[in-house]
Protein chains: 2
Amino acid sequence: MMSPSRKTPPKPARLPCPLASSLDIFGDKWSLLVIRDLFFGKKTFGEFQKSPEHIPSNILAERLKRLESTGIIRKSAYQQKPVRYAYLLTEKGEHLGPVMKAMVDWGNKYIPGTYSFSEIMEMMKKNSGSQNE
Amino acid sequence: MMSPSRKTPPKPARLPCPLASSLDIFGDKWSLLVIRDLFFGKKTFGEFQKSPEHIPSNILAERLKRLESTGIIRKSAYQQKPVRYAYLLTEKGEHLGPVMKAMVDWGNKYIPGTYSFSEIMEMMKKNSGSQNE
C-alpha cells in the first residue's frame, strides 16, 4: 500500500543508468521548455502557451500532468469557479537548475545569436519584478 | 554561398533562447543516450545497439546522421569492403560533458538505485582499457 500522504514515492529505477532514468522523467524538448518557463517565473497554462515555441495545448496539458506525477512541479488553485491552477517547481524541480545552465552554456558557445546566461538572469529579474513575486 | 570546406557552418539561431536552440540539436532521449555511449567509448553502430535501452536501428541511423550534420559527432571508416564506420565526438560534442554530468547528478539525487558518477567514471576507465584506447 502506498502512503496517501506521499504523492511521488521513490521508485526503483528502470535501469541503473542515472542518465537514462532521468531522461525518462524530463528528457524531451517540451518538458524542458516548460521547466525553463517555470524558472522564468511563468506559472499558468496561458503563460506557458505564450512562449515563442508555441507548445500545442494538448501536449502542454500532458506534460504538466506528467511533471506533476513525477514530482517536478506541483499545482495549486489560485481561483475557484472556474478553478484555475498555478504551477510551481518543487525542490526536485528546482534542482534541475544545473541541467538548464549546462545546456544554456553549451548553446551560448555553439549557437550564434543566443542570449547569454547573464542576459537571461537579467530578464528573469525583470520578470519576477513585474509578477509581484 | 557556403564554403565547401566547412560542414557545419554556424547558423543564426531559430530563436534567441539558447536552451530551445540547443534542444533542437540534441534534445531528445535517444540522441542523449547515443552521446552518453560515445562518452563511454562506444564507437560503432553495433555497440550502440547493444546498450540496455535497445535503440531501434532505424532511429539509431537517423540520430547518427543528425548528430553528424549538426557537428556533434564525426565518422571515419575503419574498414573497407564492406565499409564500416566508427563514430567519435567532436570538440563540440565533448563539450556536452557538463550537460551529461548535471543530469547524472540529478538522477543520483532523486532516483534510487542509479549508478553514482564515480561508479560511472570507474566503468569508463575499464571500458577504455578493454578497447585499447
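I looked up the contacts of B:Cys17 in this predicted model and found that, leaving out residues up to four places away in sequence, B:Cys17 touches A:Thr114 and A:Tyr115, where contact means that the C-beta atoms, placed from the backbone, lie within 7 Å. I noted that B:Cys17 sits in the segment before helix H1 (18-26) of chain B, helices being DSSP runs of H or I with at least four residues, numbered from the N terminus.

Is B:Cys17 buried or exposed? I record B:Cys17 as buried because it has 21 C-beta neighbours inside 10 Å; the cut-offs are 20 or more other C-beta atoms within 10 Å for buried, 12 or fewer for exposed, and partly exposed in between. I also checked B:Gly97, 80 residues away along the chain, and its C-alpha atom is separated from that of B:Cys17 by 20 Å.

I then turned to the contact between the chains, which takes 40 residues from chain A and 40 residues from chain B. On the side of chain A that touches chain B, H6(A) gives the largest share, with 12 residues.

For confidence, I read an ipTM of 0.83 and a pTM of 0.83 for the complex.

Local features need pLDDT of at least 70, side-chain atom pairs count only at pLDDT 80 or more, and totals for chains, interfaces and linings use all residues.

Methods
Residues are numbered from 1 along each chain as its sequence is written. Chains are lettered from A and ligands numbered from 1 in the order in which they are written. Helices (H or I, at least four residues) and strands (E, at least two) are DSSP runs, numbered from the N terminus. Two residues are in contact if their C-beta atoms, placed from the backbone, lie within 7 Å.
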